[in-house]
Amino acid sequence: MKFSSSKKLKPQNQAIVFDFGALWFKALHLSFKDGRPVLMNYFLERQEGEYFKSPDNLSKCIESVVKNLGVPTKKAVVSLNASNSVMKQTMMPVVPLPDMRKMLRVGAQNYLGQQLDNHTFDCEVISLDEKEPETPSSDENRSRVLVGGTKQNTMSDLKQAFNKSKYSLEHVVPSQVGIINSFEYCFPEKFKSSTIGLIDIGHSHSSICIIDCGDVGLTRNIQFGGDNLSVKEPVEQLAMGFDESTAFSLQEELEARSEDFIEDRLSSFMSEVSASLDFYAYTQEKEIDEIYVSGAGALNSDAIFRGIASKMPLKCNAWDPLDKIQRRLPIDKDKQLMEYKNQFGASIGAGLAFLN
């Protein structure tokens, strides 16, 4: 599954993937060798979303990556997080994809239930609905369509920044698509034969996807992430009441308070997750088999993953999008990778969309 920024692409053997996250700016150099993707290098820099202030800011970020990685390709892929992209499913008439894009630009409210003025869209047909029309006047077949979009000025800024940096912007991919692609690559059999819930928790946004025997059954973004689960503030407040002589008691109390804080913050989020999963199971008359959790917002803390798993009635699994990816990294980068591995799910999937 992939959304192209412009035209149909020929198979490629390498690319650099730029991931504009809410907290971290990430880049990967991916190569395709002997039929498999290979991670050649990576780069991370804390940005907190500053890059979209202007094309010049974006261009500076791109140039810092080029200098750091020294990649031999000019082919660029971009992964956009949920704050800069939208992804939804809808039913649309069976028309060519360019016509679908035009219909979405002028009537997003009709198809997506959301006013999205000044957006640009891309589509992928999931399935054709050949049921009898619900009303006598609706005599056309309709297709179930996955829609990705971003603001026109965001796309314009990206194009300007990459042109200035002399890179060819080939692909723009919503982060949810990247997560789905990564999961399919890591678990091809489960992807094809099971009904799986994917929960990815980023810094400021999280996504829920349901993969139903190879099809995308449901997608949803929620404005909730690791930033909402930071225990820094309550820990600092608690520590003010202790001194060095009571350090052991402080540690015990901190652990208990942190667990309680995380559980409380997770409650509303997990209620929304459960509601989405239950809605799909009820409307499609299908049981969800398993849940897979990814993202630095969840997996950088054992307490957060345990909190998520404890609130789910299904088996909950943590998964590593880099697990099946071959690596030919510089020695120092290979040693550091385990510290950052939970950051790269969307980036890997965006690269796979281009290389495959």
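Analyst: The model discussed here is predicted.

User: Which residues of helix 9 are called buried, and what does the word require?

Analyst: In helix 9, which spans residues 302–310, the buried residues are Ala 303, Ile 304, Phe 305, Gly 307 and Ile 308. The word requires under 20% relative accessible area. Across the 356 residues of the protein chain, 50% count as buried.

User: Why is the packing of helix 1 against helix 3 called oblique?

Analyst: The axes of helix 1 (residues 55–69) and helix 3 (residues 152–164) come within 8 Å and cross at roughly 50°. That angle makes helix 1 oblique to helix 3, because angles under 35 degrees count as roughly parallel and those from 65 to 115 as roughly perpendicular. The crossing is right-handed. Helix 1 contributes Pro 55, Asp 56, Leu 58, Ser 59 and Ile 62 to the contact, while helix 3 contributes Asp 157, Leu 158, Gln 160, Ala 161, Phe 162 and Lys 164.

User: Why are helix 4 and helix 11 described as roughly perpendicular?

Analyst: Their axes lie 7 Å apart and the packing angle is about 80°. The roughly perpendicular range is 65 to 115 degrees, and helix 4 and helix 11 are therefore placed in that class. Among the residues that meet are Ser 175, Gly 178 and Tyr 185 in helix 4 and Gly 345, Ile 348 and Ala 353 in helix 11.

User: Which residues touch the most other members of the largest nonpolar core?

Analyst: In this core of 37 residues, they are Leu 28, Leu 39, Tyr 42, Ile 180, Leu 198, Phe 344 and Ile 348. Helix 11 supplies the largest share, 6 residues. Not counting residues up to four places away in sequence, Leu 28 touches residues including Ile 16, Val 17, Leu 39, Tyr 42, Phe 344 and Ile 348. Another core lies apart from it, with 27 residues, including Ile 210, Val 273, Ala 298 and Cys 316.

Key: Residues are numbered from 1 along each chain as its sequence is written. This is a predicted model: local features need pLDDT of at least 70, side-chain atom pairs count only at pLDDT 80 or more; totals for chains, interfaces and linings use all residues. Side-chain values use heavy atoms; hydrogens and water are left out. Buried means under 20% relative accessible area, exposed over 50%, partly exposed in between (1.4 Å probe, protein chains only). Helices (H or I, at least four residues) and strands (E, at least two) are DSSP runs, numbered from the N terminus. A nonpolar core is a set of buried Ala, Val, Leu, Ile, Met, Phe, Trp, Tyr and Cys residues joined through side-chain atoms within 4.5 Å. Contact means heavy atoms within 4.5 Å. Axes are lines fitted to C-alpha atoms, for helices over the stretch in contact, and angles run from 0 to 180 degrees between N-to-C directions. Angles under 35 degrees count as roughly parallel, over 145 as roughly antiparallel, 65 to 115 as roughly perpendicular and the rest as oblique. A crossing is left-handed if the near helix is turned anticlockwise from the far one by less than a right angle, and right-handed if clockwise.
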